[in-house]
Amino acid sequence: MATLARKDEYADFPVKKVSLYYITLAFVALLIGTLFGPFQAFNYAGVNLYPVLEKLLPFVKSYYQGLTLHGVLNAIVFTQLFAQGALLYLQSREMKLLPQMGVAWFSWWLALIGLVMAAIPLLLNDATVLYTFYPPLKGHPLFYIGAALIIVSSLVTVYLSVELWARWKRQNPGKPTPLVSYMSVVTWMMWAVAAVGLVVEAVVLLIPWSLGWLKGVDPLLARTLFWWTGHPIVYFWLLPAYVTWYGLLPKHAGGKLFSDPLARLVFLAFLIFSSPVGFHHQFADPGIDPFWKLVHTVLTMMVAVPSLITAFTIAASLEITAREKGGRGVVGWITKLNWKDPVVLASVLGAIAFIVGGAGGIVNASFTLDYVVHNTTWIPGHFHLPVATAVTLTHMGLALALIPHLTGKPVVRLPLARAGIVLWFTGMMVMAVGMHTMGLMGVPRRAWISNMAPNVRGAYSEAAGMMVLNGIAGAILFVAAVLIFYVLFATLLQSRRLPPEERPEVGFSEALSGPEGRRSVMVMDRLFFWWGLAYVIVLVVYMPTIVRIWSTFVSAPGFRLW
Amino acid sequence: MNKHVIEAYERGWMLFSLAMILVFLVFIGYTLSGFAFYVPTAAERIDPTKVRTGGFPAPHVEKVGPGKYQAYVIAQAFTFLPNEMHFKVGDEVTFYVTSPDVQHGFYVHGTDINVQVIPGEIAKVKTKFKRPGTYMIICTEYCGIGHQNMLGKIVVEE
């Protein structure tokens with residue numbers, strides 16, 4: 001019988017196992033999505049490698065199909081699954097409570113089933129609609145249903161996080177929520193406000209239409225609902241990285257977080273201001289009143305403020321830490337940071353990329369300036385800094401700290417991962433320079449420009465110099481991805497485990513200014529009130545436009561043009 | 001470093017952040033008040049299935065006054081109709097653009113015209129051509145397998 005009695009490595013804290021499953025699935029999705037990236041970079045270097053790719057993977061028919069997989073797997077699936085695994089785990093660990101485990105596993109299976117359902121038409125080239133899936137381009141129903149299940153899975157995690165928080169509050173009356181738990185539950189509440197648009201778009205419009213129950217959909221209505229979710233989804237990607245920056249990075253760097261109440265204020269601002277901003281993706285849309293575009297502009301600018309505060313607080317926390325270790329000079333203190341720790345290395349490089357990306361984001365959000373860059377390569381050049389660099393690198397760094405904690409498996413060949421992190425940052429910065437500049441030269445995003453018809457070939461020859469940068473970046477990023485994914489999967493797949501007493505604990509930050517005895521902290525802790533307020537604001541700024549479009553519903557039939 | 005010193009810096013930074021955002025908003029307001037005729041608006045909504053059958057004027061350019069033109073443009077997979085337009089320096093042109101199939105972009109490189117062409121909407125946008133030359137019209141929204149070939153041009157002569 002001895003062979004049956006396998007030791008359960010997760011028995012001490014079972015949420016470890018479900019978190020590990022989320023995080024592993026997240027990196028499997030990211031690995032597949034990432035491998036299409038260099039092909040896209042070469043496309044924008046004018047080199048068409050898709051005939052080669054089709055020889056290797058016969059089901060990949062075009063740049064556009066690869067781009068759809070890249071966007072869906074990296075931006076939607078990876079980010080969400082990683083947040084589900086990491087945030088739920090950190091909150092449970094900090095509160096020392098288990099979430100409802102059956103529901104947590106149900107949510108994981110829902111995400112997996114949704115992912116498989118959506119992947120089938122994507123791989124068969126039956127849903128090459130990009131990750132914005134704007135109708136009237138019409139994909140296979142399985143794609144929309146699978147995507148909807150993935151979103152539903154995230155909403156189950158909202159329930160898990162809020163239930164856990166409410167239970168802790170009942171057990172600890174009058175105490176402020178611990179910081180990482182506060183940031184986690186606010187992130188999920190924000191997402192529940194943001195996700196409404198996408199859920200309505202999928203359930204009311206796209207799924208019935210793709211199944212043939214609706215003859216047509218209103219493309220402007222669908223766009224408006226999509227961007228209700230589509231901008232705040234960026235904060236749903238970003239806030240889990242902020243949790244690492246505020247909640248773990250100072251500890252990993254060997255110091256303390258500068259201010260706990262300020263971190264809460266930042267997250268509360270995101271809860272309230274993240275969602276009512278979507279029209280800044282629709283400045284170029286006719287059919288939306290310029291007045292409401294201006295309202296969204298003002299709110300978008302406001303949401304820059306908590307990010308500016310974050311830049312200050314994180315930098316201040318790191319600088320205090322470094323100076324206590326004997327760091328000197330205006331910038332010389334930087335050398336005293338614990339760069340060998342992957343959380344420090346990945347987070348700080350990610351944050352630097354985020355500052356550059358944030359500055360570009362202000363341009364995109366400026367109503368009258370956006371027309372110069374709308375849907376040019378400037379836009380992917382921009383969002384690869386906050387999402388593909390800041391968020392993705394931070395998550396990679398956190399995974400290298402969290403996987404040994406969850407599994408007891410030590411990281412295999414950490415120096416390779418460090419080199420990968422530095423190369424990833426370098427490659428993304430080079431690509432960002434190329435794509436931003438090409439965008440100003442008029443090169444459109446999402447275009448198979450390495451495969452142009454003879455009569456238009458050479459239309460972007462002016463941008464040739466910048467295109468070279470894309471090719472270089474693609475090569476650097478390929479090497480970076482190989483190194484990082486090798487370390488991640490070699491760590492996960494080994495059989496060696498450390499004895500329990502040698503396993504690393506989660507390094508939650510302590511704060512120089514704590515939450516104790518602050519009235520403001522208790523006011524910010526009344527989360528159901530703030531959550532309700534966030535819903536009210538988003539309804540106020542969206543309903544006039546949505547009701548007006550819906551009342552003149554245009555029925556556009558679907559097309560498959562790929 | 002003293003905690004109170006940092007707190008003072010922090011308050012200063014928060015004020016600076018807010019002030020910077022306010023300055024940006026003032027600039028946006030200023031540009032909107034004077035030059036924002038390139039902000040696309042909706043002329044009207046239209047049934048996209050009727051664009052080619054009389055719901056929208058046949059694609060053409062017409063003169064409506066001295067130096068003033070109206071251009072009716074259909075963006076469709078994978079071309080613009082008309083695909084080439086000619087104007088003189090100083091001409092003021094109002095474009096009406098719509099799509100009979102999927103979404104497209106109508107981006108006139110070198111100007112501030114960059115419109116999302118959405119089935120169901122007739123977009124209206126205006127510009128004045130100040131410099132001679134050939135301006136590319138670029139489709140900036142993915143519209144299918146031939147999206148990269150969807151280019152037109154506007155020739156502006158002295």
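**Close-up 1. Helices of chain A that line the second largest pocket.** In this predicted model, three helices of chain A each contribute at least two residues to the lining of the second largest pocket: helix 4 (63–95), helix 7 (179–194) and helix 12 (260–273). The lining comprises 20 residues, and those nearest the centre of the pocket are Glu94(A), Pro178(A), Leu179(A), Pro515(A) and Glu516(A). The volume of this pocket is about 390 Å³. Eight of the lining residues are nonpolar, four are polar and eight are charged.

**Close-up 2. The interface of chain B and chain A.** Chain A brings 75 residues to the contact and chain B brings 58. Together the two chains bury about 5,300 Å², with 70% of this area on carbon and sulfur atoms. Of the area that chain B buries against chain A, 14% is supplied by Arg45(B), Tyr142(B) and Gln148(B), more than by any other three residues.

**Close-up 3. A salt bridge between Asp218(A) and Arg45(B).** The side chains of these two residues meet at 2.9 Å, N to O. Two salt bridges are found across the interface of chain B and chain A. Between the chains, 22 residue pairs, both residues at pLDDT 80 or more, are in polar contact.

**Close-up 4. The side of chain B that touches chain A.** Helix 1 (3–35), strand 1 (41–45), strand 8 (114–117), strand 9 (121–128) and strand 10 (133–138) of chain B each give two or more residues to this side. Helix 1 of chain B provides the largest share, 16 residues. By class, the residues on this side of chain B are 35 nonpolar, 14 polar and nine charged.

Terms used: Residues numbered from 1 in each chain as written. Chains lettered and ligands numbered in written order. Heavy atoms only, no water. 1 Å grid on protein atoms, 1.4 Å probe; cavity = no way out; pocket = protein on both sides within 12 Å on 5 of 7 lines; lining within 4 Å. Points joined across faces, edges and corners; volume = space filled by probe spheres on them. Helix = DSSP H or I, 4+ residues; strand = E, 2+ residues; numbered from the N terminus. Nonpolar A, V, L, I, M, F, W, Y, C, P; charged D, E, K, R; others polar. Contact = heavy atoms within 4.5 Å. Buried area = accessible area lost by both parts, 1.4 Å probe. Salt bridge = Lys/Arg side-chain N within 4 Å of Asp/Glu carboxyl O. Polar contact = N/O pair within 3.5 Å; in protein donor to acceptor, adjacent residues only side chain to side chain.
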